[in-house]
Structure formats: structure tokens, C-alpha cells
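Hi everyone, thanks for coming.

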Amino acid sequence: MKFIVLTLFENMFYEFMNTSMIKRALEKEKASIKILDIRKFTKDKHHRTDFPPYGGGNGMIMSCEPLAGAIDEALEMLAKDQKEVKILYLSPRGKVLNDSMAHEIANSDKNYILLCGHYEGIDERIIEEYQIEEISIGNYVLTGGELASQVFMDCVIRLLPGVLADGSLTEESHTNGLLEYPQYTKPYEFRGKKVPDILLSGNHQKIAEYRQQESIRITKKYRPDLLEKKDK
Ligand SMILES: C[S@@+](CC[C@H](N)C(=O)[O-])C[C@H]1O[C@@H](n2cnc3c(N)ncnc32)[C@H](O)[C@@H]1O
């Protein structure tokens with residue numbers, strides 16, 4: 001799966017692409033990420049990419065020309081793959097990303113262009129022109145789409161086949177509508193608190209039953225709304 005990210009802040013991606021699971025997935029060629037600097041596509045003599053909004057108001061709006069130039073370049077880069085390409089704009093008004101959307105995207109066999117807004121956002125005509133879908137990472141407003149695009153890529157790439165060890169996804173929070181059971185590691189005793197004995201019993205069936213009960217208890221405690229949805 002290929003991702004091309006369109007941004008004014010390329011440097012925000014260096015650490016992301018060179019750390020932990022993302023770094024390994026890119027090295028193993030399970031996914032690829034290319035960053036395009038929107039500023040390179042401006043025709044303004046001062047290299048400006050944003051201007052005040054028509055009609056007045058706060059802040060600056062990213063203008064059409066550089067955005068269109070960057071999108072066209074990304075589409076051209078992906079054309080040789082002959083795969084469907086989806087253009088997504090990370091936006092607070094988009095559909096809020098969740099686990100089932102992440103699974104759907106990971107299974108989609110498409111390539112993705114991720115458009116990161118900044119300032120007060122982007123000129124509306126770009127969304128219409130390219131029929132862009134909008135994705136939000138939550139009901140709050142970020143300074144830019146860069147972190148949102150990283151959240152998006154992180155939760156999708158870890159679901160791609162061969163990225164994580166077999167089995168490590170099946171019991172994770174949200175996968176089956178429940179939160180994960182509590183986890184423990186060494187030392188056995190920390191400040192008088194011991195690891196539950198059942199986890200040292202070696203009885204895999206009993207451990208699985210215990211973890212399932214704990215999953216339900218934790219979900220009831222932290223996110224009872226998930227259990228209500230599961231019952232429907
Ligand atoms: C300061 S925000 C612009 C907010 C816009 N004026 C509004 O009220 O909807 C700048 C950029 O951050 C990104 N962004 C902000 N909040 C986001 C969210 N919850 N999810 C995804 N992207 C977000 C978008 O790309 C947006 O263009």
C-alpha cells in the first residue's frame with residue numbers, strides 16, 4: 001500500500017518514518033510513504049501557498065494552485081501502479097476514524113493520497129474538483145493535518161499483512177468490540193502488588209477464560225458504551 005502525503009511541513013515526518021513499527025514496515029516494503037512539499041508547486045513569485053479568506057475572517061487559507069499541482073503530481077506518481085487511488089483530506093469535519101474503518105482501509109488494496117491542511121484550512125474548490133473524502137481523527141481541532149495523517153497511516157499500516165507478528169492483532173482493544181485485558185510483565189512483585197496467580201499457572205484455557213472476563217470488566221469500567229453497541 002502506497003501513501004503520498006501532501007504537506008507544507010515535510011520535516012514533521014522524518015521521525016515518524018524512522019521509528020518503530022513504521023520504520024520496519026517501510027524497510028520490509030509492506031507499505032511506502034512519500035512526502036510531497038506543497039510549496040514546491042506554488043507559482044507565486046514569493047512562494048506563498050496561503051492567502052486571506054474571501055469575505056474576511058481570521059487566518060489564512062491554503063490556495064488552489066499549489067494544492068492542485070501537488071495532487072496532480074501524486075496522481076501521476078501512482079498512475080503506473082494501476083490501482084485505485086483515494087484522495088483523503090485530514091479534516092475536523094470528516095468522518096471520524098475508528099477501528100473498523102482502519103481495517104477496511106488496510107484491506108482495500110488501494111493507494112492513498114493524504115492531504116494535510118494547515119492555517120484555517122484549504123480552498124473548498126479543491127475538495128469539489130478532486131472529489132476528496134474527508135477523514136477526522138477526533139472531534140477537536142489540530143493545528144495541521146500532519147499529525148492526523150500520521151495517526152491514519154500508523155493505525156492502517158500496523159494492520160497490513162506481515163507488519164506485526166501473527167496473532168498480535170486478534171486480542172487488541174476494539175478488534176472484537178471489547179478493550180484489551182490488563183497486561184503484566186516482570187518483576188512478579190512491584191511495591192507489594194503481585195501478578196495475578198492464574199497468569200503463572202501454565203493452564204492456557206483458564207488464562208484465556210480469565211482474560212476474557214477481564215476484558216469485559218475493563219470495558220464495563222472504561223467504555224460501557226462499547227458493550228451497549230455490542231448488544232445491538
Ligand atoms: C486549524 S485546522 C483548520 C480548522 C478549520 N478552520 C475548521 O474550523 O474546521 C488546520 C488543519 O488541521 C487539520 N485538522 C485539524 N483538526 C483535525 C482533525 N480533528 N482531524 C484531522 N485533521 C485535522 C486539517 O487538515 C485542517 O485543515
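Let me begin with a question: how many Å separate the centres of domain 1 and domain 2, taken over C-alpha atoms? The value is 36 Å. Please keep in mind that we are looking at a predicted model. In the domain assignment, domain 1 covers residues 2-157, and domain 2 covers residues 170-232.

Now for the overall picture. The protein chain has 232 residues, and 23% of them count as buried. Its C-alpha atoms fill a box of roughly 70 × 40 × 40 Å along the principal axes. If you count secondary structure, you will find eight helices and nine strands. As for contacts with a separation of 6 or more, 77% of them in the protein chain are between residues 24 or more positions apart.

Let's go inside. The largest nonpolar core holds 37 residues, and Val 5, Leu 6, Leu 90, Leu 114 and Leu 115 have the most contacts within it. Several elements each supply at least two residues of this core: strands S1 (2-7), S2 (32-37), S5 (85-96) and S6 (111-116), together with helices H2 (20-27), H3 (64-79) and H6 (145-157).

Take Val 5 from that list. Which residues is Val 5 in contact with, once we leave aside its neighbours within four places in sequence? They are Phe 13, Ile 33, Ile 35, Leu 114, Cys 116 and Ser 149.

Another residue to look at here is Ala 70, which sits in helix H3. Is Ala 70 buried or exposed? With 25 other C-beta atoms within 10 Å, Ala 70 is buried, because 20 or more is what it takes. Not counting residues up to four places away in sequence, Ala 70 touches Leu 6, Leu 36, Ile 38 and Phe 41. Ala 70 and Leu 36 are 34 residues apart along the chain, and their C-alpha atoms are separated by 6.9 Å.

For contrast, turn to Asn 18, in the loop between helix H1 (14-17) and H2. Asn 18 has 10 other C-beta atoms within 10 Å, so it counts as exposed, the limit being 12 or fewer. Between the C-alpha atoms of Asn 18 and Leu 75, 57 residues apart along the chain, there are 25 Å.

Next, the ligand. There are 20 residues around it, and the ones that come nearest are Leu 90, Gly 117, Leu 142, Gly 145 and Ala 148. Which element gives the most to this shell? That is S5, with four residues. S5 and H6 each supply at least two. By type, the shell divides into nine nonpolar, nine polar and two charged residues.

Let me stay with H6 for a moment. Its buried residues are Gly 145, Glu 146, Ala 148, Ser 149, Gln 150, Phe 152, Met 153, Val 156 and Ile 157.

Now some backbone details. Asp 109 is not a glycine, yet it has a positive phi of about 55 degrees. You'll find Asp 109 in the loop between helix H4 (99-106) and S6. Asp 109 is exposed, with 8 other C-beta atoms within 10 Å.

His 174 is not a glycine either, and its phi is positive too, at about 80 degrees. This residue lies in the loop between H6 and S8. His 174 has 16 other C-beta atoms within 10 Å and is partly exposed.

Pro 187 also lies in the loop between H6 and strand S8 (189-190). What kind of peptide bond joins Lys 186 and Pro 187? The bond is cis, with omega at about 5 degrees.

One last stop, in helix H7 (residues 204-222), where we find Arg 211. Arg 211 is partly exposed, with 17 other C-beta atoms within 10 Å. The C-alpha atoms of Arg 211 and Leu 169 are separated by 15 Å, and the two residues are 42 residues apart along the chain.

Methods:
Residues numbered from 1 in each chain as written. Predicted model: local features only at pLDDT ≥ 70, side-chain atom pairs only at ≥ 80, totals over all residues. Core = buried A, V, L, I, M, F, W, Y, C linked by C-beta atoms within 7 Å. Contact = placed C-beta atoms within 7 Å. Near = placed C-beta within 6 Å. Nonpolar A, V, L, I, M, F, W, Y, C, P; charged D, E, K, R; others polar. Domains from an automatic or database assignment.
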